[in-house]
Amino acid sequence: MIGSQSVKTRIALWTMFLGLGLLMVILLGVLTGTAGGPLHIADSWLKTGSLDPTLKTIILEIRLPRVLIAALAGATLSLGGLVFQVLLRNPLAEPYILGVSGGGAVGAIIGILLGLARFPGVSLTAFAGSTATLVVIIAISSGRRIINKESLLLSGVMVNAFCGAVILFFVSLVQDARLHTIMFWLMGDLSLAERGQVFLLAVIALPCFLLLWFLSNNMNLLLMGEETAKSAGVPVKAVTYMLLGATSLMVSATVCQSGLIGFVGLVIPHMLRLSAGPDNRVLVPACILGGGAYMVLCDLLARVLPDQGELPVGVITALVGAPLFILLLRRSNT
């Protein structure tokens, strides 16, 4: 009873702390931009009692969808990294390890080359590529009783390598303005976020969040070994497929909307594991909220750092994530 109460208390405290942080960075992201920052907005509101119509349109139609897409993308990538680290029992695993990103990238590039609209055309081709890749990897790595973790890891690495070669082949064929679109998508781009994309990603991601939180205690038991989990009454094969399916689905949907964004699924779970402990019942909601806040901050930096234009958010997550992960890894080894 005491242990259960302690877990509930930790879940509540971390959820409140990270939830408040997420709300604060969402507000900061919505109010900050080249068209007017918090001081300009406050001044406009105090003088006229309402926002300038143009600024209001920018906030509601451009900034808010982008910030919400960033929060959802960060949440799915962070939680996806946590689940893959459990499934593979490898703290260095992350969502792209299974080739989901590579397949999505190939599908997206095909959609761009065919001249399809970014949403929903390119999103659909990217999702189709991710799904096809996942089906191939599962078929390769499935054994008689359950998915072989070593085969799953190796299959993902090899499929990613193959998809990388296909991507380079397609890029070498493009000589027009589509090359810029492809390169920005490959580096992670949230600049064209729309309300429809937010709704679609939320409809896919939120049920996956609930399912993974429901399975969080089973994730704890899986980390102790398959035999231990079975002796505790966990249907290992069914749980493994549910974890893999839900995670791949939400990560695929995220890749479709945001492009390839690295290091989030690697850094955030590792950081939270060091801070909040190894209990996945605490880490699942923490990764959702912490990953969302981290991505909103990275996207804000991508918007405000350049004097002109903006950077792809994937560049910021790599520049921040790689050194941060090295520091966290050194700390965990000391």
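How many aromatic pairs does the count come to by the ring-pairing rule? The count comes to two aromatic pairs. Rings of Phe, Tyr and Trp (its six-membered ring) pair if their centres lie within 6.5 Å.

This is a predicted model, in which local features need pLDDT of at least 70 and side-chain atom pairs count only at pLDDT 80 or more, while totals for chains, interfaces and linings use all residues. Residues are numbered from 1 along each chain as its sequence is written, and side-chain values use heavy atoms, with hydrogens and water left out.

**View 1. The protein as a whole.** The protein has 14 helices and zero strands. Helices (H or I, at least four residues) and strands (E, at least two) are DSSP runs, numbered from the N terminus. Of the 334 residues of the protein, 51% count as buried. Buried means under 20% relative accessible area, exposed means over 50%, and partly exposed lies in between (1.4 Å probe, protein chains only). Contact means heavy atoms within 4.5 Å. Among contacts between residues at least 6 apart in sequence, 79% join residues at least 24 apart.

**View 2. The rings of Trp 14 and Phe 17.** Both residues lie in helix 1 (residues 2-31). Three residues, about one turn of the helix, separate Trp 14 from Phe 17. Their ring centres are 6.1 Å apart and their planes stand at 80°, so the pair is edge-to-face. Planes under 30 degrees apart count as stacked, over 60 as edge-to-face and the rest as tilted. Trp 14 is partly exposed, with a relative accessible area of 21%. Phe 17 is exposed, at 56%.

**View 3. The rings of Phe 169 and Phe 170.** Here the ring centres of Phe 169 and Phe 170 are 5.9 Å apart and the planes are at 50°, so the pair is tilted. Phe 169 counts as partly exposed, at 48% relative accessibility. Phe 170 counts as buried, at 17%.

**View 4. Ser 155 and its contacts.** Ser 155 lies in helix 6 (residues 149-173). At 8% relative accessibility, Ser 155 counts as buried. Leaving aside residues up to four places away in sequence, Ser 155 touches Ile 137, Ile 140 and Ser 141. Ile 97 is 58 residues from Ser 155 in sequence. In space, the two are 9.2 Å apart, C-alpha to C-alpha.

**View 5. Helix 12 against helix 13.** Helix 12 (residues 264-276) and helix 13 (residues 280-304) pack at an angle of about 125°, with their axes 9 Å apart. That makes helix 12 oblique to helix 13. Axes are lines fitted to C-alpha atoms, for helices over the stretch in contact, and angles run from 0 to 180 degrees between N-to-C directions. Angles under 35 degrees count as roughly parallel, over 145 as roughly antiparallel, 65 to 115 as roughly perpendicular and the rest as oblique. Among the residues that meet are Ile 268 and Leu 272 in helix 12 and Ala 286 and Tyr 294 in helix 13. By class, this contact has 11 nonpolar, two polar and one charged residues. Ala, Val, Leu, Ile, Met, Phe, Trp, Tyr, Cys and Pro count as nonpolar, Asp, Glu, Lys and Arg as charged, and the others, Gly among them, as polar.

**View 6. Helix 4 against helix 11.** The axes of helix 4 (residues 100-113) and helix 11 (residues 236-258) come within 10 Å and cross at roughly 40°. Helix 4 brings Val 100, Ser 101 and Gly 104 to the contact. Helix 11 brings Ser 248, Val 251, Ser 252 and Val 255. By class, the contact has three nonpolar, four polar and no charged residues.
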